[in-house]
Amino acid sequence: MLIGEVARRSGVSARMLRHYESLGLVRPSGRTGSGYREYSGEDVRRIFHIESLRAVGLSLREIGRALDDPGFTPADLVDDLIRRTRERIAAETELLIRLDRVHATDPAAWEDVLQVLALLRALGSTSAGTRQRAALASADEVPVEALAQAALGEGDPYVAGALRWALSRSGGGGAALLAEGLGSPVAAVRERAVRALAEMPGREAATLLRDALVSPDAVVRGRAALALGARGEAAAIPVLVDMIVAGSNDTDAADALSVLAGDDTAADRIASLLVGRIGDETTGQPARGRLTQALAGIPGATASRALADLVGDADRAVALTAAYLLRLRGDG
């Protein structure tokens, strides 16, 4: 077959066939008496092989190696193609996410588009200072989705604080986005999510924090309980008591309980829970001491009676602590 017929049958232009020949990819098997290139059936099959390999992303150089190198291993090249394709998809996906976020800001002019794109790039910078400056930009300029994603992935404490500040002022939508981080398989992401929710105002954030009180992650439960305690949410009380027993942020937990003990009913309930754990035979000595100290911040008769009883406790450290606290209360 002459080059024109090959071009018609293969769909490859005559110009491209000549280019393949110049690279050594295709070598016509013969020439006519007039000197025209003449392609055999095997030559045409090779052209189809070249086009198939181009379709999956191989360069012409890689195609030449694939067809002519006897030591070539197709599996290695396929692995490389998979890697490059995934990288390309990831890059395109990131671009799509950025464009969606720009669109969500309803830009009125190209200057607005460029401003949002610059902030999005800054949030992904390798420089902590650049990320922090982007986070501290106006909440109206940075899409809330970008702030939430950045907050869940930020390891620098100063940048993370700036991102939480920005989220707390970003309006609606941020809490729901952060809630997705509470179910992350990565402990650090779960902690970032609950810390950011703790600083967000509104009922939606409070509801999500109440849900987090039953999280299997003790850190998440504790952060949620401290935040809810500061908001006066009685639902946090059992978790706060557990934190004192475990010695996890026990001082903060005791402070939160003292805030929640604002009326007689709440004070008596909290004191009863603390006393119950002190008397639990599974509670160790250090935990009994922490629970006794926590009674110091609980007003009311129930706490006073508990401290009076503990003055005679077999554990000398507990007894001395109880006696000291009674004197401070004016009951000793």
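Author: Let's start with exposure: buried means under 20% relative accessible area, exposed means over 50%, and partly exposed is in between (1.4 Å probe, protein chains only). This is a predicted model, where local features need pLDDT of at least 70 and side-chain atom pairs count only at pLDDT 80 or more, while totals for chains, interfaces and linings use all residues. Residues are numbered from 1 along each chain as its sequence is written, and side-chain values use heavy atoms, with hydrogens and water left out.

Reader: Why does arginine 277 count as partly exposed?
Author: Its relative accessibility is 25%, so partly exposed is the label. Aspartate 242 gets that label too, at 37%.

Reader: What makes aspartate 242 and arginine 277 a salt bridge?
Author: The rule asks for a side-chain nitrogen of Lys or Arg within 4 Å of a carboxyl oxygen of Asp or Glu. Here the N to O distance is 2.7 Å, so the pair passes. Aspartate 242 sits in helix H14 and arginine 277 in helix H16 (residues 264–279), so the bridge ties together parts 35 residues apart in sequence. Helices here are DSSP runs (H or I, at least four residues), numbered from the N terminus.

Reader: Why are H13 and H14 called oblique to each other?
Author: They pack at an angle of about 120 degrees, with their axes 9 Å apart. Under 35 degrees counts as roughly parallel, over 145 as roughly antiparallel, 65 to 115 as roughly perpendicular and the rest as oblique. H13 and H14 are therefore oblique.

Key:
Axes fitted to C-alpha atoms, helices over the stretch in contact; angles between N-to-C directions. Helix = DSSP H or I, 4+ residues; strand = E, 2+ residues; numbered from the N terminus.
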